[in-house]
Amino acid sequence: MKKFFACLLLLTTWPTYATSNLEESGDVLHLLLPAAALGGSLIYEDGYEGAWQLAKTGVVSRLVVEGLKYTVDKDRPDGSGDDSFPSGHTADSFAAATFVQQRYGWEWAIPAYIGAAYVGYTRVESDKHHVEDVLAGAAIGILSGLYFTDPYKGITVTPIAGNGNYGLYVSGKF
């Protein structure tokens, strides 16, 4: 437990180069969401399966983001670079939130998704990204989390909607 709080303190005091309080709050939350997901996984679970799934989710999400940033030449709204698409902050945040939702359920995920949405908001409002950059980052993070994360225990219920059909997908390990 002491190690978790030491890591959390380190992450929150890490120097940021944000130009505003809004941007800085998004930068800090962008680090806290994955840190909290990792800390919760290490504290809540026996073993490292959740931590491993979070690591795969985050690494693949980040690789996709960096690959797109390298290949898509899109200027940032503030003119600070040509790596606007997609938003890595948003992808990281939504990957962590989706990990929490898939692994532990909506009860824990709602605050994580609110935090992730706030991170995306701060990226647009601080002129670091366009709305489409943030939406693409969120999609990358969500898809990575959905692909690499399994429920911790019990049954998972997922709503399904499409082509005029609505229902629930129920799965679990017995």
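Predicted model: local features only at pLDDT ≥ 70, side-chain atom pairs only at ≥ 80, totals over all residues.
Is Phe-99 buried or exposed, and what is its relative accessible area? Phe-99 is buried, with a relative accessible area of 0%.

**Overall layout**

The chain contains six helices and two strands. Read from the N terminus, the order of elements is α-α-α-α-α-α-β-β. Of its 174 residues, 36% count as buried. The chain exposes about 10,300 Å², and carbon and sulfur atoms supply 65% of that area. Among contacts in the chain with a separation of 6 or more, 64% come from residues 24 or more positions apart.

**Helix H4**

Helix H4 covers residues 88-104, which makes 17 residues. From first C-alpha to last, H4 reaches 24 Å, close to the 24 Å expected at 1.5 Å a residue. Because 16 of the 17 residues of H4 are buried, this helix is largely enclosed by the rest of the structure. Just after H4, Gly-105 takes a positive phi of about 105°.

**Aromatic pairs**

A search of the whole structure finds eight aromatic pairs. One of them joins Phe-94 and Tyr-113: the ring centres are 6.1 Å apart and the planes stand at 45°, so the pair is tilted. Phe-94 belongs to helix H4 and Tyr-113 to helix H5, so this pair ties together parts that are 19 residues apart in sequence. Both Phe-94 and Tyr-113 are buried. Phe-99 and Tyr-104 form an edge-to-face pair, with 6.0 Å from centre to centre and 85° between the planes. Phe-99 and Tyr-104 also belong to one aromatic cluster, together with Tyr-44 and Tyr-152.

**Salt bridges**

Side chains of opposite charge can pair when their charged atoms come close. The structure holds 10 salt bridges.

| Glu-45 | Arg-103 | 2.8 Å |

The side chains of Glu-45 and Arg-103 meet in a salt bridge. This pair links distant parts of the chain, with Glu-45 in the loop between H2 and helix H3 (49-71) and Arg-103 in helix H4, 58 residues apart. Glu-45 and Arg-103 are both buried.

How does the burial of the two partners compare with the cut-offs? Asp-92 has a relative accessible area of 16%, and because buried means under 20%, Asp-92 counts as buried. Arg-62, at 27% relative accessibility, counts as partly exposed.

Asp-78 lies in the loop between H3 and H4, and Lys-128 in the loop between helix H5 (106-125) and helix H6 (131-148), so the pair ties together parts that are 50 residues apart in sequence. Asp-78 counts as partly exposed at 35% relative accessibility, whereas Lys-128 counts as buried at 14%.

Elsewhere, Glu-23, Asp-27 and Arg-123 are linked in a network of salt bridges.

**Backbone features in the loops**

Most residues other than glycine have a negative phi, and most peptide bonds are trans. The peptide bond from Phe-85 to Pro-86 is cis, with omega near -10°. Pro-86 lies in the loop between H3 and H4, the loop that also holds Asp-78.

Asp-127 is not a glycine, yet has a positive phi of about 60°. Asp-127 lies in the loop between H5 and H6, where Lys-128 is also found. At 40% relative accessibility, Asp-127 counts as partly exposed.

**A nonpolar surface patch**

Leu-38, Leu-42 and Tyr-48 form a nonpolar patch on the surface. Together these residues have about 320 Å² of accessible area. Leu-42 lies in helix H2, which spans residues 21-44. With a relative accessible area of 40%, Leu-42 is partly exposed.

Conventions
Residues numbered from 1 in each chain as written. Heavy atoms only, no water. Patch = residues over 30% accessible without salt bridge, like charges linked within 9 Å, V, L, I, M, F, W, Y side chains within 5 Å. Areas by Shrake-Rupley, 256 points an atom, 1.4 Å probe, with all protein chains shown as cover. Salt bridge = Lys/Arg side-chain N within 4 Å of Asp/Glu carboxyl O. Helix = DSSP H or I, 4+ residues; strand = E, 2+ residues; numbered from the N terminus. Buried < 20%, exposed > 50% of the residue type's maximum accessible area, 1.4 Å probe, protein only. Expected span 1.5 Å × (residues − 1). Phe/Tyr/Trp six-rings, centres within 6.5 Å; stacked < 30°, edge-to-face > 60°. Contact = heavy atoms within 4.5 Å.
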